[in-house]
Amino acid sequence: MKLIILIVFILFINLNYCLKIKEQPQVVVDGSGSKQSVNSFYIENGNFFMNNQGGNGGGLNQYQIISGSFHYFRCLPELWMDRLMKIKACGLNTIQTYIPWNVHQPNGFNTELVATDDLIQFLKQAQQVGLNVILRPGPYACAEWELGGFPYWILEQQPIALRSSDSVFISAVIAYWSRLLPLLEPYLFTNGGPVIMVQVENEYGSYGEDKSYLETLLTLLQKYLGQGDGNGSGVLFHSTDGPSAQMLFGSKLEGVYQTVDFGPMPMEQIQDNFKIQQTFASKPTPLMNSEYYTGWITHWGDTSAARTDANVVAQGLDDILSLNASVNMYMFFGGSNPGFMNGANSNSPTTDFEITIQSYDYDSPLTESGDTTEKYFAIKNVIEKYINNNNNDSNIKTSNSNTLPPVPSNSTKVAYGTIQITQATSLFNNLGNLVNQKQQQLQTGGPIPMEQLQQSTGFVLYETTMNIAQSNQLSITELHDRATFFINDEAIEDTVTIGQAVFLQRPFNSSIEINYPSNVTEDGDFNLRILLENQGRVNFGPYLNDRKGLLSGGVMSGQQYIGPWNNYPLPLTNKTLSNINNWQPIKDYTLSNTPTFYQATLSINSTTDIGDTFLSFTGLGKGQLFVNGYNVGRYWNVGPQRTIYISSVLLHQGDNEIILFETLLTQSIIEIQFLNQPYFD
């Protein structure tokens, strides 16, 4: 630990030394070698000003940000341009996105970044469409995303204080940002790119007020992205918080412009919130709502999907713009939570755990499949009132053109109908194919948490031996998140809901009564297997330190801890999925009371028959959907999500492989159905 602290100290001194070298204002040199003035975006007299030397109608303009959130990591890259063009056609001039740490550095401390080409391509496409960008590089994101964007391996070090000046945490942040931030620097607005603002942390006032932590982040940003004045040296640095003095105090930092976030509300409250925004401002700053909520989060088990009336959203936006305030609409396009990457919310470690659904539609102006909505056009009508509202000073014009591009068409939707499951295979017959032998741990005293198995998401299979002399009352000391029990490789049947396996679900229950099997050894031994599912790490609030597994000692039989345990990590990556074998024709399959992979083929005759489609949850229990090897996401029959969106770009002419990993049902799935529209309760 002392060595780590010393390394952090040396790095921090180095950062401050670099900052003592005064950066000269940058210039752009064209092909002939002549110097040109750089772009600038800065705050003056309580307003934003943009000097766009390379843009249409270049020169000094007063600028009102009309932005929408669009998370590139929630949308397949092939679809970005369609969404961006629809955002532009609605009258917006800016988009906002997080940069999740766990997307770009998933493999451990100080490892090379991945998928950065996607991020850069997204920035380029936004600029190509004519949209500026507000970046939220973290290191914390929230976003209803797995662990709030933190990589799982940050939890390997225990204890660790996330979002603080904890030396272990800060070391990881420095190692990550020293790789990420230099990649962003060429795309700053002052360097001819689209990025006009960069956020410091995220809603930090809702979590803490560790100024040493925030100052370290700001020092890193200044080292790699300039001083942050937006006028010759970098772009503006800002923070986002709820409209309260306490929250704004938490994120307050010299040199960082503070904004607030709130949803639709009466004009009087909007004005009050903007007054609160100025609480710690030494001079007037632009009014800005950085998260104007167009919808809201939906969790599995909610009675219905969250919805917000289009007219209410439009009226609130009109009120904000009428005050000459800037705004970012969260979300403008929500997209999906692919694979296992949804987050969860918890206000209590023992009594509250809400899992975000696979769809991140968010009731946004653009649907999960990118369709325009009533809300989209209501917002467009509002924005069109303001896009040609020139100031009295003829040298200062608004940033928006008075002619909007046409709105692109919505995608084709196809109901492929009912198709038959053709074959199936049990998880238990594929452990050797799916488990990384280097990661598995055998004969451990207690169950090993997922993080210590060097596993991010997915499942872990825990295995031990019990005896009929032990108590049949089993309890898990600390369950994170869902456990399904198998005695001698057979699920315990639910006597209330016929055809489903018995499971324990955080936070509702943690104990179970089992029946002893008839097929035991001479000594009375039998096999116990527990399939553990990580349902998404907590992404917001004080309980972020959300490790996954059978924690705090593991499993008890009566008053006895049981063990030893074999621990089999099952991340179910695209790579390991191809190793599944031992398939049987569905008519011959008899192991449906085990976790089962079901396979079907969706045949498409022609490229003209390819379109977006939606898998219905009818006849399904709980599990995971894979299409042509791509992990689309979770399905669950508890609602309110009743279908899962499958983009046309995942399909091709000919045979398309559909695999379901079913963990709840104990009777075989025979068929599945594809619809041409989504359904939510």
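Buried means under 20% relative accessible area, exposed means over 50%, and partly exposed lies in between, with a 1.4 Å probe and protein chains only. Helices (H or I, at least four residues) and strands (E, at least two) are DSSP runs, numbered from the N terminus.

This is a predicted model, in which local features need pLDDT of at least 70 and side-chain atom pairs count only at pLDDT 80 or more, while totals for chains, interfaces and linings use all residues. Residues are numbered from 1 along each chain as its sequence is written, and side-chain values use heavy atoms, with hydrogens and water left out.

- The buried set in H2 is Trp 80, Arg 83, Leu 84, Lys 86, Ile 87 and Ala 89.
- Two packed helices are described by the angle between their axes and the distance between the axes.
- H2 (residues 80–89) packs on H4 (residues 116–129) at about 35°, and their axes are 10 Å apart. Axes are lines fitted to C-alpha atoms, for helices over the stretch in contact, and angles run from 0 to 180 degrees between N-to-C directions.
- H2 and H4 cross in a right-handed sense. Right-handed means that the near helix is turned clockwise from the far one by less than a right angle; anticlockwise is left-handed.
- From H2, Trp 80, Met 81, Leu 84, Met 85 and Lys 88 make the contact; H4 supplies Asp 118, Gln 121, Phe 122, Gln 125, Ala 126, Gln 128 and Val 129. Contact means heavy atoms within 4.5 Å.
- Seven of these contact residues are nonpolar, three are polar and two are charged. Here Ala, Val, Leu, Ile, Met, Phe, Trp, Tyr, Cys and Pro count as nonpolar, Asp, Glu, Lys and Arg as charged, and the others, Gly among them, as polar.

**Aromatic pairs**

- The structure has 40 aromatic pairs. Rings of Phe, Tyr and Trp (its six-membered ring) pair if their centres lie within 6.5 Å; planes under 30 degrees apart are stacked, over 60 edge-to-face, and the rest tilted.
- Trp 101 and Phe 169 form a tilted pair, because their ring centres are 6.4 Å apart and their planes stand at 50°.
- That pair links distant parts of the chain: Trp 101 is in helix H3 (residues 101–104) and Phe 169 in helix H5 (residues 167–184), 68 residues apart.
- Trp 101 is buried at 0% relative accessible area. Phe 169 is buried at 0% too.
- Tyr 140 and Phe 150 are also tilted, since their centres are 5.8 Å apart and their planes at 40°.
- Tyr 140 and Phe 150 each lie in the loop between strand S8 (132–136) and H5, so their pair ties together parts 10 residues apart in sequence. Both residues are buried.
- A cluster of linked ring pairs takes in Trp 101, Tyr 140, Phe 150, Trp 153, Phe 169, Tyr 176, Tyr 204, Tyr 207 and Tyr 213.

**Charges over rings**

- The charged end of Lys 252 sits over the ring of Phe 280, 5.6 Å from its centre. The test is NZ of Lys or CZ of Arg within 6 Å of the ring centre and within 35 degrees of the ring normal.
- Arg 529 places its charged end over the ring of Phe 428, 4.6 Å from the centre.

**Individual residues**

- Tyr 152 lies in the loop between S8 and H5 and is buried at 9% relative accessibility.
- The C-alpha atoms of Tyr 152 and Glu 451 are 6.5 Å apart, although 299 residues separate them along the chain.
- Beyond neighbours within four places in sequence, Tyr 152 contacts Pro 106, Leu 147, Glu 451, Gln 454, Gln 455, Ser 456 and Arg 537.
- Thr 663 sits in the loop between strand S35 (654–662) and strand S36 (671–675). Thr 663 is buried at 6%.
- Not counting residues up to four places away in sequence, Thr 663 touches Phe 459, Thr 484, Leu 531, Lys 622 and Gly 623.

**Backbone features**

- The peptide bond from His 480 to Asp 481 is cis, with omega near 20°. Asp 481 is in the loop between strand S19 (473–480) and strand S20 (482–487).
- Arg 506 and Pro 507 are joined by a cis peptide bond with omega about 0°. Pro 507 is in the loop between strand S22 (503–505) and strand S23 (511–513).
- Asn 45, not a glycine, has a positive phi near 55°. Asn 45 is exposed at 69% relative accessible area.
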